[in-house]
Amino acid sequence: MTRSRKNDVVERVYIWELPVRLTHWLIFFAVIVLSATGYYIGHPFISVAGPARDHFVMGTMRVVHLYSAIVFTLSVLVRIYWMFAGNAYARLTQLVPLSGERFRSFWEAAMFYSFMRSNAEECAGHNALAGSSYAMIYGVYLLMTATGLALYTVEASPSSPFQVFHVLIPLFDGLQMARLIHHIGMWIVLMFAVVHIYFVLLASVAERIGTVDSIVSGYKFLSKRRAGIS
């Protein structure tokens, strides 16, 4: 399928495969639930009348937090696997700038996002700046998972298979440091989400290649010059 935009021929190109789109949205919604329940666990703000055992608010928050964490962790691991098994647009080379072209893309994207140039570079997948930010945030995701598992060993039953992660506690210099890292990581993830949404909307308006739609449909509209280029 082709159409015309600014006297250029545009092709509909399949960029984001289903695992990329699915893990993206699962992580997005999991982060919202984890942030809300995690903040409550650290700072309970709901008051109920009567004995706490009749309401089980904290227990409910912890259960929701746990299952959301499982969804989050599995989604992150699948997406990391897809960095090696997916198409060219999902690969690790899209996240870590290793070539001269990707370093140039990093600089051009930084210039555009800082309003030092008016036109955005048309990228089939991620531009190098966005890719680098994703590589960083996935490192934070793994750190959040590790600290979360360390903290959960305190609540898990002695026979729980999660007790194997008790070895993580000394790596974080104790539970208090693990909790602090976990808390700071939450705010880093939330700040990243805000900046990410802003950059995506800005690029979508400037590029007009279906950037926002692509994370639902998987397709972008690219000029023939860029179609097929990872």
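**Start at a serine**

Select S35: this residue is buried, with a relative accessible area of 13%. Buried means under 20% relative accessible area, exposed over 50%, and partly exposed in between (1.4 Å probe, protein chains only). The model is predicted: local features need pLDDT of at least 70 and side-chain atom pairs count only at pLDDT 80 or more, while totals for chains, interfaces and linings use all residues. Residues are numbered from 1 along each chain as its sequence is written, and side-chain values use heavy atoms, with hydrogens and water left out.

S35 lies in helix α1 (residues 18–42); helices (H or I, at least four residues) are DSSP runs, numbered from the N terminus. Show its side chain, which reaches the backbone oxygen of V31 at 2.7 Å.

**Aromatic pairs**

Across the whole structure, a search finds 15 aromatic pairs. Select Y39 and F45: their ring centres are 6.4 Å apart and their planes stand at 45°, so this pair is tilted. Rings of Phe, Tyr and Trp (its six-membered ring) pair if their centres lie within 6.5 Å; planes under 30 degrees apart count as stacked, over 60 as edge-to-face and the rest as tilted. Y39 is partly exposed at 36% relative accessibility, and F45 is exposed at 55%.

Next, select Y113 and F199, whose ring centres are 4.0 Å apart with planes at 15°, so the pair is stacked. It links distant parts of the chain: Y113 belongs to helix α3 (residues 100–113) and F199 to helix α6 (residues 175–207), 86 residues apart. Y113 is buried at 10% relative accessibility, whereas F199 is partly exposed at 26%.

**A charge over a ring**

Go to R12, whose charged end sits over the ring of Y219, 3.7 Å from the ring centre. For this, NZ of Lys or CZ of Arg must be within 6 Å of the ring centre and within 35 degrees of the ring normal.

**Last stop: the surface**

Switch to a surface view and select Y39, F45, I46, V48, M136, M177, L180, I184, W187, I188 and M191, which make a nonpolar surface patch of about 1000 Å². Helix α6 gives the largest share of this patch, six residues. M191 is in helix α6 and is exposed, with a relative accessible area of 52%. Patch residues have over 30% relative accessible area and no salt bridge, and nonpolar side chains (Val, Leu, Ile, Met, Phe, Trp, Tyr) are joined within 5 Å. A salt bridge is a side-chain nitrogen of Lys or Arg within 4 Å of a carboxyl oxygen of Asp or Glu.

Conventions:
Helices (H or I, at least four residues) and strands (E, at least two) are DSSP runs, numbered from the N terminus. Patches are made of residues with over 30% relative accessible area and no salt bridge: like charges are joined within 9 Å, nonpolar side chains (Val, Leu, Ile, Met, Phe, Trp, Tyr) within 5 Å. Accessible areas come from the Shrake-Rupley method with a 1.4 Å probe; for residues, only the protein chains shown count as cover. A polar contact is a pair of N or O atoms within 3.5 Å; within protein, one must be able to donate a hydrogen and the other to accept it, and residues adjacent in sequence count only if both atoms are side-chain atoms.
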